[in-house]
Amino acid sequence: MMKTIVLTGAAGNIGKVLREQWSDGRYQLRLNDIKPLGEIAAHETLHVGDLRDADFCAELLKGADAVVHMAGIGTDLELDLLIEHNLKALLCLYQAARTHAVRVIYASSNHAIGMYECKTEIDEHAAVRPDSLYGVSKVWGEAIARLYFDKHGVESICLRIGSFEVEPFERRHLQTWLSHPDMQHLTERCIEAHNPGFQIMYGVSANTRNCWRQRDNPIGYHPQSNAEDFADRIAGIPTRGGPLAELFLGGGFAASDYSRKT
Ligand SMILES: NC(=O)c1ccc[n+]([C@@H]2O[C@H](COP(=O)([O-])OP(=O)(O)OC[C@H]3O[C@@H](n4cnc5c(N)ncnc54)[C@H](O)[C@@H]3O)[C@@H](O)[C@H]2O)c1
């Protein structure tokens, strides 16, 4: 039977791409954003609204198989905005997922671990080292996911998304690039996997220079793209944010407002 998938943040960068990738109608899609969602297709329903509204969330998730949660604030803007859209809205979503037993595929971020130096090899069990308040908000999201699985059995896969770009365009991307086809494959594996429980997955392509080691892979994610194919063109292009952005995994987020002396 065709699965019903809720896609939040469907008007955003990643949401728009996933929507397009699923335009063949492989899923019945419930699209959500606070922004307009454009023309509707036969396999879609549109749900413009704010996920901070608990009743709205409950209605949105009712009867769905999974929610691909891409809505949120993706920059280190004001704390209030992070609290509202990355914390409060996420809690509303998890309450609805608990009520209706819906699997959550959560857009976490590499910025949850962005203060590791680029050369440090880490797996998904390494201690978190956020590089910004934005990164802290993603750590909080991963903690909510853990809580709702341990106490309520809500299945969650947290995706520590690297750099989602059509093509890599700076040196850092040799490590962090996540191609559009690999993101589609990753998300579909999250939807289709049997009993994933709680899992953190690195959302990154099969980049030769990547230092994230996925120890457990219960969903069967096997990326195909490799940023190394673009190395001739981008290895000489400095990472935006200066020398500290080159040193730390989180790039410009890690370098911003850095004041440590030793
Ligand atoms: N793009 C990347 O490379 C990248 C990397 C790491 C993590 N992520 C994470 O992945 C997710 C998607 O990234 P993106 O680049 O598409 O972000 P984006 O900012 O382009 O899209 C996010 C969408 O969420 C919507 N939104 C925000 N608050 C909402 C609310 N309360 N209710 C309903 N909709 C709301 C916005 O209107 C926006 O369209 C984000 O959570 C981001 O933090 C992205």
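**Aromatic pairs**

I find both Trp22 and Tyr27 buried, where buried means under 20% relative accessible area, exposed over 50% and partly exposed in between (1.4 Å probe, protein chains only). I note that this is a predicted model, in which local features need pLDDT of at least 70, side-chain atom pairs count only at pLDDT 80 or more, and totals for chains, interfaces and linings use all residues. Residues are numbered from 1 along each chain as its sequence is written, and side-chain values use heavy atoms, with hydrogens and water left out.

My search of the whole structure gave 6 aromatic pairs. Rings of Phe, Tyr and Trp (its six-membered ring) pair if their centres lie within 6.5 Å; planes under 30 degrees apart are stacked, over 60 edge-to-face, and the rest tilted. Trp22 and Tyr27 form an edge-to-face pair, with 5.2 Å centre to centre and 90° between the planes. The ring centres of Tyr94 and Tyr148 are 5.4 Å apart and their planes stand at 55°, so I logged this pair as tilted. It links distant parts of the chain, with Tyr94 in helix 3 and Tyr148 in helix 4 (residues 133–152), 54 residues apart. Helices (H or I, at least four residues) and strands (E, at least two) are DSSP runs, numbered from the N terminus. Tyr94 and Tyr148 are buried.

**Salt bridges**

How many salt bridges does the structure hold? I recorded 17, each a side-chain nitrogen of Lys or Arg within 4 Å of a carboxyl oxygen of Asp or Glu. Asp50 and Arg52 meet in one at 2.6 Å, N to O. Asp50 counts as partly exposed because its relative accessibility is 24%; Arg52 is partly exposed too, at 32%. A network of salt bridges links Asp50, Arg52, Glu84 and Lys88.

I also looked up Asp123 and Arg215, whose closest N and O atoms are 3.5 Å apart in a salt bridge. The pair joins distant parts of the chain: Asp123 lies in strand 6 (residues 122–123) and Arg215 in the loop between strand 11 (212–213) and helix 7 (231–234), 92 residues apart. Asp123 is buried at 18% relative accessibility, whereas Arg215 is exposed at 56%.

**Cavity lining**

For the largest cavity, I listed His69, Ala71, His85, Asn86, Leu90, Tyr106 and Lys138 as its lining. A cavity is a set of points on a 1 Å grid over the protein atoms alone where a 1.4 Å probe fits but cannot get out; lining residues have an atom within 4 Å of a point. Helix 3 (residues 79–100) gives the most to this lining, with 3 residues.

Note on methods. 1 Å grid on protein atoms, 1.4 Å probe; cavity = no way out; pocket = protein on both sides within 12 Å on 5 of 7 lines; lining within 4 Å.
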